[in-house]
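Visitor: Hi! I'm new to this one, and I'd like a walk through it. Could you put it up on the screen?

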Amino acid sequence: MAPAAAGEDEIALAPGYAANLEVARASDEVEQSGDGFVRNGEPLTIEPAIEIGNIFKLGTRYSEPLDARYLDEHGEEHPIWMASYGIGPARIVAAAVEQFADERGISWPRALAPFAVHLVALGKAGHSRARGRG
């Protein structure tokens with residue numbers, strides 16, 4: 001999750017803690033207090049966020065049909081529990097735009113910028129040196 005004003009989700013934040021709001025609400029560590037939430041006595045701030053990665057709990061949906069198994073410490077066979085971890089390149093770009101854009105437009109972080117370029121305008125505003133040249 002990446003904090004972003006245009007985010008479709010919400011995250012709960014406190015010193016040393018960050019979680020999706022749904023996860024925080026379901027946690028035994030988080031309590032409702034008035035209109036907000038607290039964890040270990042610390043109030044949680046709730047911020048909008050963009051999901052950039054996800055986890056899908058697949059369980060044994062694929063391992064059972066494929067007979068994918070493992071042996072436990074007692075030598076007994078069990079189906080493998082699976083999950084899929086993903087990150088969305090388009091979501092990374094959207095989060096970067098939300099976090100780094102300003103009143104002049106998009107300002108790409110160095111790690112995502114396609115080129116390292118600095119534009120420098122010379123001369124006075126409204127004057128063109130190219131006038132009168134064929």
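Visitor: Which classes of residue make up the lining of the largest pocket?
Guide: The lining has six nonpolar residues, plus one polar and one charged. Keep in mind as we go that this is a predicted model.

Visitor: And which residues are they?
Guide: Trp108, Arg110, Ala113, Pro114, Phe115, Ala116, Val117 and His118 line the largest pocket. Arginine counts as charged, so Arg110 is the charged member of that lining.

Visitor: How much space is in there?
Guide: The largest pocket holds about 210 Å³ of space.

Visitor: How does anyone find empty space like that?
Guide: A probe the size of a water molecule is rolled over the atoms, and that shows where empty space is left.

Visitor: OK, new topic: the surface. Which residues form the nonpolar patch there?
Guide: That patch is formed by Tyr62, Leu66, Tyr70, Ile80 and Met82. Together they have about 470 Å² of accessible area.

Visitor: Where does tyrosine 62 lie?
Guide: You'll find tyrosine 62 in the loop between β8 (53–59) and α2 (63–66). Its relative accessible area is 40%, so tyrosine 62 is partly exposed.

Visitor: Is asparagine 40 buried or exposed?
Guide: Exposed: asparagine 40 has a relative accessible area of 64%.

Visitor: And what about aspartate 67, what is its phi?
Guide: Phi of aspartate 67 is near 55°, again a positive value in a residue other than glycine. The loop between α2 and β9 (69–71) is where aspartate 67 is placed. Aspartate 67 is exposed too, because its relative accessible area is 54%.

Visitor: Let's switch to charges. How many salt bridges does the structure hold?
Guide: There are four salt bridges in the structure. As background, side chains of opposite charge can pair when their charged atoms come close.

Visitor: Which side chain does glutamate 8 meet in a salt bridge?
Guide: Glutamate 8 pairs with arginine 91, at 2.9 Å from N to O. This pair links distant parts of the chain, 83 residues apart: glutamate 8 is in the loop between β1 (2–3) and β2 (9–14), and arginine 91 is in helix α3 (residues 89–100).

Visitor: How exposed are those two?
Guide: Glutamate 8 counts as exposed, at 51% relative accessibility. Arginine 91 counts as partly exposed, at 35%.

Visitor: What does arginine 39 meet in a salt bridge?
Guide: The side chain of arginine 39 meets that of glutamate 29, at 2.7 Å from N to O. Distant parts of the chain are linked by this pair as well, with arginine 39 in strand β5 and glutamate 29 in the loop between α1 (21–26) and β4 (30–33), 10 residues apart.

Visitor: Is arginine 39 buried or exposed?
Guide: Buried, because its relative accessible area is 17%, and buried means under 20%.

Definitions and conventions:
Residues numbered from 1 in each chain as written. Predicted model: local features only at pLDDT ≥ 70, side-chain atom pairs only at ≥ 80, totals over all residues. Heavy atoms only, no water. 1 Å grid on protein atoms, 1.4 Å probe; cavity = no way out; pocket = protein on both sides within 12 Å on 5 of 7 lines; lining within 4 Å. Points joined across faces, edges and corners; volume = space filled by probe spheres on them. Patch = residues over 30% accessible without salt bridge, like charges linked within 9 Å, V, L, I, M, F, W, Y side chains within 5 Å. Areas by Shrake-Rupley, 256 points an atom, 1.4 Å probe, with all protein chains shown as cover. Helix = DSSP H or I, 4+ residues; strand = E, 2+ residues; numbered from the N terminus. Buried < 20%, exposed > 50% of the residue type's maximum accessible area, 1.4 Å probe, protein only.
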